[in-house]
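The exercises below are meant to be worked with the sequence and the 3D structure open side by side. Each one sets a task and then goes through a solution step by step.

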Amino acid sequence: SNFTLFLDLFRKTIRSLELGIPCVILGRTNTSQHHYRWADLLLSLMKQHQIANLGMLTFLSCSLEDVKRVTQQSREVAGNLYTTCSRDLASEIMKKYPNTVASTGGPNTLVSTTFTSGIAEAIRMSASIESSGQCTALRHCVIPNTTAVDDITGIFSGKTKIISDPAEALKKAMFDGVFKHNGSIAPLESEYTHLADEDVFFKISNSLPDGEIHEYWRKVVVDFSQFEANWNDNEKDVQLIAMWLNREQPITLAVNGPRNTAFSLGMDLFEKTGLVVYTVGSTNDNEMPAGLTCQARPQDGEIFGEFPPRHVMGKYTRFPVVVPSSTPSYDSTYTVEYLNSVDLSPSISGPAKNLVLKVENTTVRGYCFELLNYLEDATRKNPKRGSGTSRTALWGLQRPPIIHGLKTLIRCSSNSTFDALVPALVLFVATNAKDQYELSVDEKCSAIRDVCGSLNIPFLIESDDKFRLRETEEMVYNTIGIHDRLTSYALAGHFISLFMPLGHVKSTKSQDEEFVEKFSQSAKWLKLS
C-alpha cells in the first residue's frame, strides 16, 4: 500500500540511511513478503549506486519473541526502533525496548447529525479503504437514531466493491475495494451483523462502544452509535462523545451535517479533544462534500499522526509520531555545549522567564530557553494554513482539550527536584494552557514547594495515596510524573509533543475562507501568554 511504502519503509529507512544510520528492517507476520521484496529491491539499488558498505541494510524475519530478544540484547548500541503496529504489539515491544517510537491505530470515527446518501457513501468509502487495511479506515460512526436498520445495511449491501487482488484495484484506480478472499480475524457473529456477500460486519447501539475496541485489520467492521435527533445541541452529549474520543484517541475524526451545524459541532469537538486529524464536511453544500476519516495529505499541511491515548502514551511509544517529520530527528539530541550557549529571546518575560531563571543547572536552563524560543517561533503565527487546493486546512500546536474541570496533573514525588520539574511545567506557565494544569507536590518535597511558593505558582501538597485516589476520581486528561533531572535533551518539537496536542483541522471545501476565519479564532490553538 502507498502508506506502507511512503510513511513506513521509505520515510523511516531511506531518511536514516542517507545520514549514515544502519537500518534493520523487521519482517511482519501479515506482510512478510512485501517487506522482504522491498528490502531486496533497496539492496540492489545500493549495489547499483555503489554503496560501499552493504551492511548498512539488514532484513530480519523472525518471531515476536526473537524480535524482543534481539532488540533487548542490542539496547546499548542501537538507536530507536520504529514501528507501525497495533497498540498491543507496541506495548509488548516497549517493555523490552524503551527506545521504541510507535505509530499505533485507533477507532477512527465519523460523526453526522443527519443521514443522507452522501453520508452513506462516506461511511462505505471510509470503512473500505484498502480493504479496511489503512490506518485511517473507519471503525466507529455516530448517527441519528432516526436512521433505520435497512439504511445502515444499505450502506454496504450491493455497494461494496469486491476485488480479487491488489492488481485489480490498481487497474480500476480503486482505493476502496474489499478482498473477497479475506482471511483475517473476524468478530463474533453473535455480537455483529454479518453481511456475508460483502464480508462486512456492523453493530448498532444507542451508546458509545465500551471496553477495548479491536481493530480487525483488513476486515470491514463498524460500530454504529445512535443518538437522539439534535443531540449536537445537547452539551452533555457532545461532551460525552468528546471524552470518549480523548479516552480512545482515534487517528481521525470526520464531522458532518448541514454546513452551519457541521461548523458549530466541528469546532466544539475540535476544542474539546486532542486528536491529530479533523475533517469537517457538509450534507447541504455541493462544494463541501461529506468528510471521510481517510483524508490526510501531509505534504499539503494536513499534518498526520497515529498517537496513543495521551494519558498512557509512555506505555506504547517514546514520542508520538508526526508526519511529515524527519525520522532520525526522534533519535537526535542537543549537545550540552549548545544548550550552555543558548540565550532566552528578549521578548519572553513574566512568570515563564522567572520560573526558568530559578533553574540551577546551566544545561537544563539552556534547554528551557530553547523550549521557550521554539514556542515563540512556532506560535508566532498559529494556526498556519495548508497548501492544498482541493481542501482547506489549518495546522499547528494546540492546547489540551478545553473542557471545564479537565486537567493535566503534574506530580512531584518526594525525590523530585525543581530542575526536573521546570521543562514540563514551563510549557503550561508560558502559554494559554496555564489554567489547564494542576501541580501536585509530595509532602516531603520541600525544595519544590519553597521555590514555587516564592514564584506564586499554585500547588497542592498531598501524599501519593491521596494523589492516586484523586487521579481516578477526577477528570484527568494526562498525568506527568516528575522523576530524575533530564540528562538527554530531545529536540524541542518532540519534547513539546509529549504534552501538547498538534495536528490539523480542515474543510472539504476548496478555498473555504469562512472556515479559515472561524477556525483560526479557536481558543484551542496554542499561544504564548
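**Exercise 1. Find the loop that holds Pro324, and then describe the peptide bond that joins Val323 and Pro324.**

Step 1. In this predicted model, Pro324 is placed in the loop that runs between β15 (322-323) and α10 (336-341).
Step 2. The bond that joins Val323 and Pro324 is a cis peptide bond, with an omega of about 5°.
Step 3. A cis peptide bond also joins Asn382 and Pro383, where omega is about 15°, and Pro383 has its place in the loop between α12 (362-378) and β16.
Step 4. Another backbone feature is found at Ala173, which has a positive phi of about 50° although it is not a glycine; Ala173 lies in the loop between α7 (166-171) and β8 (177-179).

**Exercise 2. Trace the open sheet of 10 strands, and explain why one side of β9 and of β16 is left without a neighbour in the sheet.**

Step 1. Followed across the sheet, the strands come in the order β9-β10-β11-β6-β5-β12-β13-β22-β17-β16, and their pairing is mixed.
Step 2. Because β9 (193-195) and β16 (384-385) stand at the edges and have a single partner strand each, one side of each has no neighbour in the sheet.
Step 3. Within the sheet, strand β5 (residues 109-112) and strand β12 (residues 252-257) run parallel and are joined by four bridges, and Thr109 stands opposite Leu253 in β12.
Step 4. Helix α6 (residues 149-156) packs on this sheet, where it touches β6 (140-144), β9, β10 (200-205) and β11 (220-227), and its direction makes about 155° with that of β11.
Step 5. Helix α9 (residues 259-272) also packs on the sheet, touching β5, β12, β13 (277-282) and β22 (502-507), with a direction at about 150° to that of β12.

**Exercise 3. Work out the order of the strands in the open sheet that four strands form, and say which helix lies across β18, β19, β20 and β21.**

Step 1. The order is β20-β19-β18-β21, and the pairing is parallel.
Step 2. The edges are taken by β20 (460-461) and β21, each of which has a single partner strand, so one side of each is left without a neighbour in the sheet.
Step 3. Strand β18 (residues 407-412) is joined by five bridges to strand β19 (residues 437-441), the two running parallel, and Leu409 faces Glu438 in β19 as its opposite residue.

**Exercise 4. Describe the second largest pocket, and find which element gives the largest share of its lining.**

Step 1. The volume of this pocket is about 1000 Å³.
Step 2. Its lining is made of 34 residues, and those closest to the centre are Gly481, His483, Leu486, Leu498 and Phe499.
Step 3. Two or more lining residues come from each of α13 (418-429), α15 (464-473) and β21 (476-482), and the largest share, five residues, belongs to β21.
Step 4. Sorted by kind, the lining of the second largest pocket holds 16 nonpolar, 10 polar and eight charged residues.

**Exercise 5. Say how much space lies in the largest cavity, and which residues line it.**

Step 1. The structure holds one cavity of 30 Å³ or more, and the space in the largest cavity is about 30 Å³.
Step 2. The lining of the largest cavity consists of Arg11, Lys12, Tyr82, Val101, Val321, Thr327 and Tyr330, which divide into four nonpolar, one polar and two charged residues.

**Exercise 6. Examine the salt bridge between Glu92 and Lys95, and work out how far apart these residues are in helix α4.**

Step 1. Side chains of opposite charge can pair when their charged atoms come close.
Step 2. The side chains of Glu92 and Lys95 meet at 2.9 Å, N to O, which falls within the cut-off of 4 Å for a salt bridge.
Step 3. Because Glu92 and Lys95 are three residues apart in helix α4 (residues 87-96), about one helical turn separates them.
Step 4. Counted by this rule, the salt bridges come to 33.

Technical notes: Residues are numbered from 1 along each chain as its sequence is written. This is a predicted model: local features need pLDDT of at least 70, side-chain atom pairs count only at pLDDT 80 or more; totals for chains, interfaces and linings use all residues. Side-chain values use heavy atoms; hydrogens and water are left out. Two strands pair if DSSP finds at least two bridges between them. Contact means heavy atoms within 4.5 Å. Axes are lines fitted to C-alpha atoms, for helices over the stretch in contact, and angles run from 0 to 180 degrees between N-to-C directions. On a 1 Å grid over the protein atoms alone, a cavity is a set of points where a 1.4 Å probe fits but cannot get out, and a pocket is an open set with protein on both sides within 12 Å along at least five of seven lines; lining residues have an atom within 4 Å of a point. Grid points are joined across faces, edges and corners, and a volume is the space filled by probe spheres set on the points. Ala, Val, Leu, Ile, Met, Phe, Trp, Tyr, Cys and Pro count as nonpolar, Asp, Glu, Lys and Arg as charged, and the others, Gly among them, as polar.
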